Amino acid sequence: MTTEALTATSFEQAVLGNDIVLVDFWASWCGPCRTFGPIFEKASATHPDIAFGKVNTEAEQPLAAAAGITSIPTLMAFREGILVFSQPGALPASALEQVIARVRELDMDDIRAQSAERPAGGPPPGDSQAASATT
């Protein structure tokens, strides 16, 4: 599967309409974004069962603001419509593969329970589990 450009009108449908969704928030002027872009594209070809989306933060400023993007590139991962990972910075291919593996392994019953208990503005449920893949 190739990456899909996501907009304010298509973002929610993409996140809710797929089991796993990875989203790259980027801008054309961002050097690290240009470094991460080909890594993200290659992963999309390697994992056709995962939806890969890209949000151009310049063209979609309200969407980037609503997502709380303060640094780019930022990678977000959603599983069953729930944000389970969010991290700024260009990941190397091996770290991206680890994030994908961790997101696949998440116990979604546990994540849904964490999500129900999570205070507003807290870290995404499962974020620490998926984030441990990049450390």
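These are my notebook entries on what I looked up in this predicted model.

**Ground rules**

I number residues from 1 along each chain as its sequence is written. Since I am reading a predicted model, local features need pLDDT of at least 70 and side-chain atom pairs count only at pLDDT 80 or more, while totals for chains, interfaces and linings use all residues; side-chain values use heavy atoms, with hydrogens and water left out.

**Overall layout**

I started with the secondary structure. I find six helices and five strands. I take these as DSSP runs, numbered from the N terminus: helices are H or I with at least four residues, strands are E with at least two. From the N terminus the order reads β-α-β-α-β-α-β-β-α-α-α.

Next I checked burial. Of the 135 residues, 43% count as buried. Buried means under 20% relative accessible area, exposed over 50%, and partly exposed in between, with a 1.4 Å probe and protein chains only.

Then I looked at contacts, meaning heavy atoms within 4.5 Å. Among contacts between residues at least 6 apart in sequence, 71% join residues at least 24 apart.

**The sheet**

I call two strands paired if DSSP finds at least two bridges between them.

I followed β1 into the sheet. It pairs with strand β3 (residues 51–56) in the parallel sense, over two bridges. Ala5 stands opposite Lys54 in β3.

I then looked for helices against the sheet.

**The β4–β5 hairpin**

Strand β4 (residues 74–79) and strand β5 (residues 82–88) pair in the antiparallel sense over six bridges. Ala77 has Phe85 in β5 as its bridge partner. The two strands form a hairpin with two residues between them.

I checked the turn. Glu80 lies in the loop between β4 and β5. Its phi is near 55 degrees, a positive value in a residue other than glycine. Glu80 counts as partly exposed because its relative accessibility is 39%.

Pro73 sits in the loop between α3 (61–66) and β4. The peptide bond from Ile72 to Pro73 is cis, with omega near -5 degrees.

I wanted to know which side chain Asp24 meets in a polar contact. Its partner is the side chain of Lys54, at 2.7 Å. A polar contact here is a pair of N or O atoms within 3.5 Å; within protein, one must be able to donate a hydrogen and the other to accept it, and residues adjacent in sequence count only if both atoms are side-chain atoms.

Asp24 is in strand β2 (residues 20–26). It counts as buried because its relative accessibility is 0%. Not counting residues up to four places away in sequence, Asp24 touches residues including Phe36, Phe40, Gly53 and Pro73.

Lys54 lies in strand β3. At 15% relative accessibility, it too counts as buried.

Gly53 is in strand β3. I find it buried, at 1% relative accessibility. The C-alpha atoms of Gly53 and Thr2 are 8.6 Å apart, across 51 residues of chain.

**Helix α4**

Ala95, Leu96, Val99, Ile100 and Val103 are buried in α4. Seen down the axis, the buried residues fall within an arc of 145 degrees, so they line one face of the helix. The arc uses directions from the helix axis to the C-beta atoms.
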